[in-house]
Amino acid sequence: AAAAAAASSRRDYTLGTLFVGTFLFAFFFIWMLLLAIFMCCGPKKVGFLAGFRMKEPYGKKNFKTPGIVRTVFVFSCLVVIAGVALSTFVWGFNDLKTASDQGLDITQNFLEIAQQGRDIVTFSILNAANSIALRDTVVDELRAEVFCAADPDTSGQPISEGRNTLVQDLYALDDFSIDELRTLRISGFGKMASSGEDWEYYFNIFGVQQWQLLTYFVLFAAISLFFMIGTFFAAAGKPLKALACWNTWFLLPMFLILVTLAWSIVSFYGIGAVMNSDFCSGGEAPGSPDVTISKIIEANQNEYLKDIYNYWISESCNTATFPLPFLPEFQTNLEKAISSMSNLRELMVAATNLTAICGGKDFGAIYGYFTLLTDDYSAISTNITNTIELLECSNVNPMYKELVHDVACHDVPEASIWAFGSLLIVSFFSMVMITIRSSWLDVIKNEEVPSSFEIAYPQDLEGEKRRNSNLSSEVFNDSPKENNKSKNKYFREGDEDDEDINRELEMLEADDESENGRNRSYIG
């Protein structure tokens, strides 16, 4: 039952998260559908919205539609250029790039800690393995009866007592914690390095890059600028056919692809904003991102790292317990062994009658062993100290705070708001530009003979009839039959299947006698 409830909760959360992105993309899809419908309807029904040239109605002076449409188009171009410029160089995507770079730097620092720790532990394992045999040799020498039967006269601690203490300290090192160190190297630092490499890859692939910002700015700004130039020339009555062809057949398809990508990114931003908000608020129990991180850690299959990660995200490093107690214990035993060797050596050197009492025994080899062991143990102790420092909460916790609290839960949401808003505005006004793309085309004047696709206003057929009725006798003959043939030829010349024009012709044929009389009066 609990598993079913958890699965239902995850399903509801997924659906709720996807709803935001789906809603945003649905708006774009509906616009694309309307755009396709306008193109299918043609200019006869929807006018310039079908993408064809605007047509000046017959008999109408001060035709203002082209001026209004082009003003809206130029304004949209300026908004798009300003939006991409500000989001690229001032805020929005520029801030996201800064946050992405910070996240990458922190990830690389964490990766460096993992790699350094792995290398240090590797050296510690090698030194420890080499020291085991030497340690056993020294212990055998110290425990041998021939070492020194009597206790030389010393001013302080007896040599026998110092010898016994050193033997105990050397035995306390046991196997030098080699098994624990190997586990730390593989399951600890090895897994950390692998995670760090994965996050570094994600930042490099999905993080905002400089070339992406420049590409985004150049494409949107350059295409909008070309559209504006074409519109200015068309508005001035001097349209550039080459530029209009370039805008229509090359830049417009490219611009449509860019707008589709922009709306896709807007939709993903909507989904990401919801997920980031839940992540930073602590999920179902609002608090802080530490709650979410703790849940992620608990779900981690690597049991070895759970204690380490929980130690790193502690609210107070002063009260947190170090998760790998064998390291401080091992370091303490190494320091005790080093101190015991130094103490015994000082006692032996201070003894005035050591050689005589011990039967003339030469202790040069023991001194050499002590030197070698001291060097090995000092190197191992230094490596263990460095390992502990790398794993210290005070070393990793600031990076965690900066990455999660500052970058992920402060900088990214703030930058995303600007980036999302600017991209939404750019995408919307880009849609407006595509919808009124006929702005860079010249207007069909009322004195021009319209073709089938240029008749955008079927209500002007009466004006066309009046214009045609004034034509010379070369167009209309005296006979009603020839007269109607001429008109039929003229109207059908543009479009054989134009239903509205055919309907008008049928009306003219029904009223043939009166129309013929009117034409004769005009010719007369």
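Colleague: What should I know before we start?

Modeller: The model is predicted, so local features need pLDDT of at least 70 and side-chain atom pairs pLDDT 80 or more, while totals for chains, interfaces and linings use all residues. Residues are numbered from 1 along each chain as its sequence is written, and side-chain values use heavy atoms, with hydrogens and water left out.

Colleague: What makes Cys280 and Cys409 a disulfide?

Modeller: A disulfide is a pair of cysteine sulfur atoms within 2.5 Å. The sulfurs of Cys280 and Cys409 are 2.1 Å apart, and that pair is joined.

Colleague: Why is the disulfide of Cys280 and Cys409 called left-handed?

Modeller: The torsion about its S-S bond is about -90°, so the disulfide is left-handed. Cys280 lies in helix 8 (residues 241-281) and Cys409 in helix 14 (residues 393-435), so the bond ties together parts 129 residues apart in sequence. Helices here are DSSP runs (H or I, at least four residues), numbered from the N terminus.

Colleague: Why is Cys280 called buried?

Modeller: Buried means under 20% relative accessible area, exposed over 50%, and partly exposed in between (1.4 Å probe, protein chains only). Cys280 has 16%, so Cys280 is buried.

Colleague: How do you know that Cys317 and Cys393 are joined?

Modeller: Their S to S distance is 1.9 Å, and a disulfide joins them. The torsion is about -60°, so this disulfide is left-handed. Cys317 sits in the loop between helix 10 (303-312) and helix 11 (326-350), and Cys393 in helix 14, 76 residues apart.

Colleague: Are Cys317 and Cys393 buried or partly exposed?

Modeller: Cys317 has a relative accessible area of 25%, so Cys317 is partly exposed. Cys393 is at 1%, so Cys393 counts as buried.

Colleague: Why is Cys40 in no disulfide?

Modeller: The nearest cysteine sulfur, that of Cys41, is 7.0 Å away, and the rule asks for a pair within 2.5 Å. Cys40 counts as exposed, at 68% relative accessibility. Cys41 is in no disulfide either. Cys41 is at 33%, so Cys41 counts as partly exposed.

Colleague: How many disulfides does the rule give?

Modeller: The count comes to two.

Colleague: Why is helix 3 called roughly antiparallel to helix 7?

Modeller: Helix 3 (residues 65-89) and helix 7 (residues 210-235) pack at about 160°, with axes 9 Å apart. Angles over 145 degrees count as roughly antiparallel (under 35 roughly parallel, 65 to 115 roughly perpendicular, the rest oblique). So helix 3 is roughly antiparallel to helix 7.

Key. Axes fitted to C-alpha atoms, helices over the stretch in contact; angles between N-to-C directions. Helix = DSSP H or I, 4+ residues; strand = E, 2+ residues; numbered from the N terminus.
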